Amino acid sequence: MNFLDELTSLVFLEDAPEKSDIIFIPGGSYGSLAKTAARLYHQGMAPKILPSGKYSKLTGHFDGSKDEPPIFPGRSYDTEWAFMHDILRSEGVSESVILKEDQATFTYENAIYSRKVTDALGLNIRQAIICCQAYHARRCRIYYELLYPETRFLICPTNTRGITRENWFKDSTKIDIVLDEISRLGGQFHDIVRQYGQSSPPSRRKSS
């Protein structure tokens, strides 16, 4: 395995879907994630879907669909959750299936606040599917594993921005995006790793 294979395996994850207790969507501006979640729901893979997200803390507002072509062009939303909710409904997902988390402003919060929602509902999440961007897969799984240490996670990603595990290293823009993701894997987990090693796991503290 060469170094590109090593980097690809670090960032990009994908599992075959299996019947699970819930489908998580960790926020964002790509409605295609909700379309993937809806498809898996209709295949009977899970009875509930939990989209999560307010907006990015970097922008302070939800700036709409980044899909090409845009989903619901001209329609505005206050939160990522509201955007994902409407896509799920347009894909035939029942209102009663869709749970709500609309406070998270970055990926770790997606996991933290999703745990609060499932705990409040008394849900026992033994196995879960995460519908995320393909190049965001590793970071999403680690965060959700921190908050749900008792849960087995399956990653069912969606390719966005034209980035795939096969082509990310063939274009300078794609390279920058994926290498930035690798940088975040180190930078964002610095404090978490130190806390995890020096005391109890963050998951147990945050969900209590």
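Helix H6 contributes the most to the lining of the largest pocket, with four residues. The structure is a predicted model, in which local features require pLDDT of at least 70 and side-chain atom pairs count only at pLDDT 80 or more, whereas totals for chains, interfaces and linings use all residues. Residues are numbered from 1 along each chain as its sequence is written, and side-chain values use heavy atoms, with hydrogens and water left out. Helices (H or I, at least four residues) and strands (E, at least two) are DSSP runs, numbered from the N terminus.

The largest pocket holds about 820 Å³ of space. A pocket is here an open set of points on a 1 Å grid over the protein atoms alone, where a 1.4 Å probe fits, with protein on both sides within 12 Å along at least five of seven lines; lining residues have an atom within 4 Å of a point. The volume is the space filled by probe spheres set on the points, which are joined across faces, edges and corners. Of the 33 lining residues, Ser56, Leu58, Gln133, Arg139 and Arg184 are the closest to the centre of the pocket. Two or more lining residues come from each of helix H4 (107–120) and helix H6 (172–187). The lining comprises 12 nonpolar, 12 polar and nine charged residues, where Ala, Val, Leu, Ile, Met, Phe, Trp, Tyr, Cys and Pro count as nonpolar, Asp, Glu, Lys and Arg as charged, and the others, Gly among them, as polar.

Arginine 139 belongs to helix H5 (residues 137–147). This arginine 139 is buried, at 3% relative accessibility; buried denotes under 20% relative accessible area, exposed over 50%, and partly exposed in between (1.4 Å probe, protein chains only). Residues touched by arginine 139, not counting those up to four places away in sequence, are Thr107, Glu181, Arg184, Leu185, Gln188 and Phe189, contact being defined as heavy atoms within 4.5 Å. Although arginine 139 and arginine 184 are 45 residues apart in sequence, their C-alpha atoms are 8.3 Å apart.

Four strands form an open sheet in the order E2-E1-E3-E4, with parallel pairing; two strands pair if DSSP finds at least two bridges between them. Strand E2 (49–51) and strand E4 (152–155) stand at the edges with a single partner strand each, so one side of each lacks a neighbour in the sheet. From one strand to the next, the twist averages 25 degrees. Strand E1 (residues 22–25) is joined to E2 by three bridges, and phenylalanine 24 stands opposite leucine 50 in E2.

Helix H2 (residues 32–42) lies across E1, E2 and strand E3 (127–130), running at about 175 degrees to E1; axes are lines fitted to C-alpha atoms, for helices over the stretch in contact, and angles run from 0 to 180 degrees between N-to-C directions. The buried residues of H2, among them Leu33, Ala37 and Leu40, pack against E1, E2, helix H3 (80–90) and E3. Glycine 44, which follows H2, has a positive phi near 80 degrees.

Several backbone features occur in loops. Most residues other than glycine have a negative phi, and most peptide bonds are trans. Glutamate 68 and proline 69 are joined by a cis peptide bond, with omega about -5 degrees. Arginine 161, in the loop between E4 and H6, has a positive phi of about 60 degrees and is partly exposed, with a relative accessible area of 47%.
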